[in-house]
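Dear colleague,

Here is the structure for your files.

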Amino acid sequence: MNQAIDTYCESLKLSTIQSEWRTLTEEASKNNIPYHALLERILEIENQARIERSRQTLLKLSRLPFRKTLDTFDFDRVKGVSRRDIEEYMSLSFIEQNQNLVFLGPPGVGKTHLAVSIALEAIRKGLKTYFMTAQELVTSLQTADSQGKLDKKMRGLAKPSLLLIDEMGYLNLSNNGGHYLFQVTSRRYENSSIILTSNKTFSQWGEVLGDGIIATAILDRLLHHSRVFSIDGPSYRMNEKGTN
Ligand SMILES: Nc1ncnc2c1ncn2[C@@H]1O[C@H](COP(=O)(O)OP(=O)(O)OP(=O)(O)O)[C@@H](O)[C@H]1O
Ligand SMILES: [Mg+2]
């Protein structure tokens, strides 16, 4: 019965309606639900399913290292950032305004956790987000360059509404790293947002990149429209080991 509905659903790719319409129409006739309310409900479930699918795709493409939110973040452990500060960023207006966010601080104080929390909110709101460590970013651009595909890679890195560059400073990027990092910050400057985390102070970036001039040029662009949180506190990782 009603094979035509399934056929239309298939050709229009309305998979949720296809699986739900029988139950919904039966319930509607049992409960005397008006036609327009039934139609609304049918369209609503398909719409919700699509939003959920696109979130799942964005989440997968984002390459986030873990999924943690503010609910599990203990602000009492850290100095230099408050729940209120981060909640302000959860509105994501900084992305609309193409501003950047920088988390500085020693290991284990929650820099990546906070960056990921904001990224998850961006994904929930349907924004394309991409996570990379500074090392991965540099290596992928180096590889693309050696294959004559630097332009394409750069275009790809310009696309996400939010780019997370994690762990700037742990590994030495002096082998041309500054050159590639400069291109990314320059490309995204005033066009899209970056959240960056680093264990190094800005004055140490010259050392990390092996080039003080390029470090200054990168920082100039990154920090022009930005907020910097210098976080301090004991490492949470040590706490979990029970040594803190
Ligand atoms: N204040 C906190 N409340 C709850 N969990 C925390 C807090 N700080 C850190 N963590 C947890 O501890 C672990 C390490 O945190 P995170 O990776 O964010 O540290 P980080 O500052 O990025 O360190 P690193 O510089 O070594 O990368 C994660 O599992 C994170 O969820
Ligand atoms: Mg980290």
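Predicted model: local features only at pLDDT ≥ 70, side-chain atom pairs only at ≥ 80, totals over all residues.

Residues are numbered from 1 along each chain as its sequence is written, with chains lettered from A and ligands numbered from 1 in the order in which they are written.

The protein chain has twelve helices and five strands (DSSP runs, H or I of at least four residues for helices and E of at least two for strands, numbered from the N terminus). Its radius of gyration, 23 Å, is well over the 18 Å that the globule rule gives for 244 residues, so the chain is more spread out than a compact globule (taken over C-alpha atoms; the rule is 2.2 Å times the number of residues to the power 0.38). The C-alpha atoms fill a box of roughly 75 × 50 × 35 Å along the principal axes.

An automatic or database assignment gives domain 1 (3-61) and domain 2 (70-240). Their C-alpha centres lie 40 Å apart. Four residues of domain 1 are in contact with five of domain 2 (C-beta atoms, placed from the backbone, within 7 Å).

Around ligand 1 there are 19 residues, of which Pro107, Gly110, Thr112, His113 and Tyr236 come nearest (C-beta atom, placed from the backbone, within 6 Å of the ligand). Helix 6 (111-124) and helix 12 (236-240) each supply at least two shell residues; the largest share, three residues, comes from helix 6.

Regards

Terms used. Contact = placed C-beta atoms within 7 Å.
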